Number of protein chains: 2
Amino acid sequence: MDQIKIFSPATVANVSCGFDVLGFCLDTIGDEMIIKKTSQKGITISKIDGYKLPFETENNVAGVSALALYNDANPDFGFDIEIYKKIKPGSGIGSSSASAAGSVFAMNELLGRPYNKTQLTNFAMKGEALASHCEHADNLAPALFGGFTLVKSLAPLKVLQLPTPNELFAVVIHPQIEIKTSESRAILPQEVPLKNAITQWSNVGSLVHALHTEDYSLLSASLEDVIVEPHRSKLIPHFEKVKQTALKHGALGCGISGSGPSVFSLCKGEVIAKKVKDAIQNVYSQTGIDFEIHLSKINTEGIKIL
Amino acid sequence: MDQIKIFSPATVANVSCGFDVLGFCLDTIGDEMIIKKTSQKGITISKIDGYKLPFETENNVAGVSALALYNDANPDFGFDIEIYKKIKPGSGIGSSSASAAGSVFAMNELLGRPYNKTQLTNFAMKGEALASHCEHADNLAPALFGGFTLVKSLAPLKVLQLPTPNELFAVVIHPQIEIKTSESRAILPQEVPLKNAITQWSNVGSLVHALHTEDYSLLSASLEDVIVEPHRSKLIPHFEKVKQTALKHGALGCGISGSGPSVFSLCKGEVIAKKVKDAIQNVYSQTGIDFEIHLSKINTEGIKIL
C-alpha cells in the first residue's frame, strides 16, 4: 500500500462536566486526507483545499505531528500529505486535532501499524500544540480511539475508551464567528470554588457510570458544567437561548463544544435529534449570524479509511 | 416481627479523589443495634454500650434519624433503640453514619419496608447533620447501599451504586486521636486551583471506569487526591510514612478515610492486604500513639440483619 485516503472526524471536547478530559467523536463532519509514500525522505504537504493553512511542514499542524512520528519511525522513504479541510479552524469541534490525528493515523497504516493509538495520540499532541500552544489530547483521543474518551493523564498519556450508548446522537451548531482557544482559555479563572469543583467531579463520575449503564436519564443529569460554561458562554452569541431550546425539545444536555463557538446537544435517538436540530436552526436563523448545523451519530470507530 | 438486631457497618468516605461524593462499605467493623416495637408511641433510646453518647432522642444521631422516619411513617406504636457502639466517634470511618443509618434501616424492616434506600438515606441525613452540622451522605450511602457509592446530588438525593471488584480488600488504621469533622473541614481552602480540580475529576472518572472494568491498575492510578490530602494529612501523625509503607507493600492506594484520622488502603486480594496491614502495624507500633487496625473485604451488602 503506497497511499491511503482517510476521513478524519470532528470531535467534541469537554462534554459539559469534563473540562480538559472528556470528549466524543462525530461521524458526519470531518476532513479528508490523502497520504502517499514518496521516494524522497521527509514530509511534504502538496495540497490544502478548503481553508488557507501553511504549506511548510513545521508550521502546519498535520505536518508537525507527521514529523514527530516520522522522526521516531525513521523510514527510508518519505510521505506527502494532501488535506481536504472541511472543518473550519477555530470552530471548537477539533479542527486542528482532525489534521494532527489524521496524518499520523494514515502514516501508521502505510507503515504497517507499528504504533498503537496511545502512541499516535502522543505524536499528534505535538501538532495540536502548534495550534493551541499547549499539549492536550481531549479532541485527539476521541478522533483516534472513537466514541467517548477520558484522558486520564497526559504524562504518561493514558486514554480511557468509555462505552457509547447505541442510541446517542449529537447536534452541533457552529456560529460562523471565531473564538481562539487561547482567548477562550484566558477567560477562565485560575482558581475555582471547592463547592463547584465537587459538583463537577460528581458529574464526571456519574457521566462515566451513565455511559457504562446506558442510563440516559443519569447522562442527562450529569451534563452540567458549573465551572467553565458560566465564563465561556458569554463569548457565544445566543448561547442560553440555544441551550434552552435544545432542552425544551428533548435534548439530554447542551453545552459548549471545546472552547466554542460551536455548541453541542446530545440526544437519545435520531427523531429527537432532528427535532432539536430544527428548533435550534429556527432560533439561530433569526439572529442574523451565519451558522452551520450538523446532526451526527456518535462515531465509535474514529478515523476511517475511505 | 417485633424486634430486629442489625450490624451497621463502618464506611470510608471520599476514597482519595472523590471528596464529598465517593464512599465504600466495610465488613468487619461496625455497630450492633437492637430496635424493638413499643406500645407507647415515639422513639426511646434505652441502652448505649461502648461509648458515652446522649440518651435524649433529639440529641442522639440515631434518634434524630429515627424521628425523621417516624414522623413520616406515623405508625400507631413506637420504637426503642439499643446501641452497641463499636465504632469510636470521630474516627473518620462513619461512626455517626452507622448510627443514623442503622436506626432507620431497622425501623423500615419492622414496618415492612415502606421506604427505599434513597428515602432511608434522606432520613438518615437528618441524624448525620446533628453530628457534622451539615447534611451529607458520603458515609450514609455506602452503609445503606453497600459496596462503592457515588452521591451524585443531595437535592434531590441521588445515590449511584458502583460495581465492586471481587478481590478488593481494605486496611484501615485508626490512630486513637480525635479530629472533629468541623475542624477537618475548616482546614480546607474555599477555592482550589482549576488545574488541580481537573486532575481530581479525571481521577473520579477513571476510578468509576476502573470499578466497571475491574481494572486494578487503573484503580490504583486513580486513587490520588491533589485537593484535600495535602491539607488534611497534616492533622494525621505519620500519615506520609503510613502511605509510603502501604504502597511499598503492594497497596493499590492509600488515603485519608473521611475527615480522618483513620487512613485506608485498598488492596487486590487478601494476601497483599495482610502484608499491608502487618507493615503499617509495624510502623505505627513505633510511634507511641495507640491505634486500632482493621482488615476488611468490601461489604457489598451494607447493613445486615443478624
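Predicted model: local features only at pLDDT ≥ 70, side-chain atom pairs only at ≥ 80, totals over all residues.
I'll start with strand S4 of chain A, residues 78–84, where the side chains alternate. A:Phe79, A:Ile81 and A:Ile83 point to one face and are buried.

In S4(A), A:Tyr84 is the residue opposite A:Asp49.

Now the domains. Chain A is divided into domain 1, residues 3–162, and domain 2, residues 168–297. Their centres, taken over C-alpha atoms, are 24 Å apart. How many residues does each domain put into the contact? Domain 1 of chain A gives 22 residues, and domain 2 of chain A gives 34 residues. On the domain 1 side, strand S1 (3–13), strand S2 (22–38) and strand S5 (148–154) of chain A each supply at least two residues. S2(A) gives the most to that side, with four residues. By class, the domain 1 side that touches domain 2 of chain A divides into 10 nonpolar residues, 11 polar and one charged.

Helix H10 of chain A, residues 270–285, has 16 residues. From first C-alpha to last, H10(A) reaches 22 Å, close to the 22 Å expected at 1.5 Å a residue. The buried residues of H10(A) are A:Ala273, A:Val276, A:Lys277, A:Ile280 and A:Tyr284. Why do they sit on the same side of H10(A)? They cover an arc of only 105 degrees around the axis, which puts them on the same side. As background, an α-helix has 3.6 residues a turn, so residues three or four places apart point the same way. The face turned away from the buried side of H10(A) carries the exposed residues A:Val271, A:Asn282 and A:Ser285. What covers the buried residues of H10(A)? The cover includes strand S7 (168–175), helix H9 (239–248), strand S10 (263–268) and strand S11 (291–297) of chain A.

Then the contact between the chains. It takes 28 residues from chain B and 28 residues from chain A. On the chain B side, the elements giving two or more residues are strand S5 (148–154), strand S6 (157–162), strand S8 (191–193) and helix H6 (194–213). H6(B) has the largest share of that side, 12 residues. The chain B side that touches chain A divides into 17 nonpolar residues, eight polar and three charged. There is also strand pairing across the two chains: strand S8 of chain A, residues 191–193, pairs with S8(B) in the antiparallel sense over three bridges. Within that pairing, A:Glu191 stands opposite B:Pro193.

Last, some backbone details to check on screen. In chain A, a cis peptide bond joins A:Ala155 and A:Pro156, with omega about 0 degrees. A:Pro156 is in the loop between S5 and strand S6 (157–162) of chain A. Another cis peptide bond joins A:Gly260 and A:Pro261, with omega about 5 degrees. A:Pro261 lies in the loop between strand S9 (253–256) and S10 of chain A.

For B:Asn14, phi is near 85 degrees, a positive value in a residue other than glycine. B:Asn14 is placed in the loop between strand S1 (3–13) and strand S2 (22–38) of chain B. Is B:Asn14 buried or exposed? B:Asn14 counts as buried, because 26 C-beta neighbours lie inside 10 Å and the cut-off is 20 or more.

For B:Arg113, phi is near 55 degrees, again positive in a residue other than glycine. B:Arg113 is found in the loop between helix H2 (95–110) and helix H3 (117–132) of chain B. B:Arg113 has 10 other C-beta atoms within 10 Å, and a residue with 12 or fewer is exposed, so B:Arg113 is exposed.

Key: Residues numbered from 1 in each chain as written. Chains lettered and ligands numbered in written order. Expected span 1.5 Å × (residues − 1). Arc of directions from axis to C-beta. Contact = placed C-beta atoms within 7 Å. Nonpolar A, V, L, I, M, F, W, Y, C, P; charged D, E, K, R; others polar. Pairing = 2+ DSSP bridges. Domains from an automatic or database assignment.
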